[in-house]
Amino acid sequence: MKDEVLDRILATEEQLLPSSGFAASVMDRIREEAAAVPPIPFPWRRAIPGIVLAAGVFGWGAVELTREAVSVMRSAQSVPLHLSASMLRPVEGIGWVAIALGVSLASWALSRFMTGDSRLL
Amino acid sequence: MSTTAKNATEGLADPDLASVERVLAGDAAAFEGIVRRWQGPLVNMAWRYCRDRARAEELAQEAFLRAWRGLVHWRRESSFSTWLFALAANVFRSDLKRVPAVNIPIEDIVEPARPASQDHDLQQKSRHEVVRRAVLALPLRYREPVLLFYFHEMDVAAAAHTMGLPVGTVKARLSRARELLRRRFPHLADEHAAMEISASTTGKEA
């Protein structure tokens with residue numbers, strides 16, 4: 001088939017007229033959308049103090065964890081064969097803090113998901 | 001592009017801008033002007049993508065809704081029609097990926113039988129329809145350039161704008177698409193030549 005033949009066939013398409021109620025139906029949908037209540041924006045002003053506080057707690061927690069880890073490592077170097085009970089306690093504490101952080105993060109992510117906001121912040 | 005679309009592009013560019021300004025200022029009813037001006041081209045464009053009237057109207061409606069929601073994002077670097085067609089093409093493309101218009105591979109489409117001397121026009125119409133439907137069986141990367149090239153009245157640049165692709169890419173894909181169609185319908189050219197000769201002979205005799 002030559003290109004001219006193909007051009008002739010495909011270029012001579014009959015024009016379709018939209019049905020009489022098409023524009024009205026589109027405008028109905030538009031009006032519905034326009035009348036819909038816009039989604040409530042996230043209350044950043046109210047949330048910022050909480051976010052700052054949480055960041056502070058996380059930061060403090062991280063510093064404490066690092067300090068504990070460093071002290072445990074130093075103690076482990078000096079007593080290589082066994083760890084005393086007093087030295088194990090901070091290590092157990094680290095585990096609980098990590099679990100608590102994980103649970104907090106998961107609950108925060110779940111609440112964001114349930115409100116339909118998939119963005120990170 | 002259809003004649004309606006071309007007229008709307010050439011003569012009514014300002015009404016679009018005015019309507020957009022009014023809509024952005026909060027007058028939702030002003031969008032009706034845009035719908036009335038562009039309903040024909042958009043329904044026809046959707047029809048070329050799916051060849052199903054009801055679905056074409058649904059797709060065009062969805063395109064108008066997306067345009068309404070996205071009016072604020074129209075940066076006015078291109079004409080309103082260019083933006084609208086590109087947006088509509090995205091809507092149609094996504095929808096057809098979800099629910100394809102034709103599931104028959106192009107290899108399975110049978111070339112129409114040679115026309116009989118009677119019912120000539122009717123047969124020719126149905127044969128042309130088979131060729132048009134065969135376009136829908138092309139892989140999407142070749143199908144869309146063909147659909148948009150003929151929708152835009154064989155304007156490669158306009159088709160490229162609508163697809164957001166370079167003109168060279170569109171030309172290459174068009175060429176490949178034609179090659180696929182030529183392979184599928186090898187006898188159509190001869191038949192057309194024969195028809196033209198018979199038509200001119202009949203004309204002279206009359």
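1. Of the 206 residues that make up chain B, 36% count as buried, a residue being buried if 20 or more other C-beta atoms, placed from the backbone, lie within 10 Å of its own. This is a predicted model, in which local features need pLDDT of at least 70 and side-chain atom pairs count only at pLDDT 80 or more, while totals for chains, interfaces and linings use all residues. Residues are numbered from 1 along each chain as its sequence is written, and chains are lettered from A in the order in which they are written.

2. The secondary structure of chain B comes to 10 helices and zero strands, where helices (H or I, at least four residues) and strands (E, at least two) are DSSP runs numbered from the N terminus. Among contacts in chain B between residues at least 6 apart in sequence, 63% join residues at least 24 apart; two residues are in contact if their C-beta atoms, placed from the backbone, lie within 7 Å.

3. In chain B, the axes of helix H7 (residues 140–151) and helix H9 (residues 167–184) come within 8 Å and cross at roughly 100°, the axes being lines fitted to C-alpha atoms over the stretch in contact, with angles from 0 to 180 degrees between N-to-C directions. H7(B) and H9(B) are therefore roughly perpendicular to each other, a term that covers 65 to 115 degrees. Residues making this contact include Tyr142(B) and Phe149(B) of H7(B), and Leu174(B) and Leu180(B) of H9(B).

4. The contact between the chains takes 24 residues from chain A and 33 residues from chain B. On the side of chain A that touches chain B, H2(A) gives the most, with 10 residues.

Methods:
Angles under 35 degrees count as roughly parallel, over 145 as roughly antiparallel, 65 to 115 as roughly perpendicular and the rest as oblique. A residue is buried if 20 or more other C-beta atoms lie within 10 Å of its own, exposed if 12 or fewer, and partly exposed in between; C-beta atoms are placed from the backbone.
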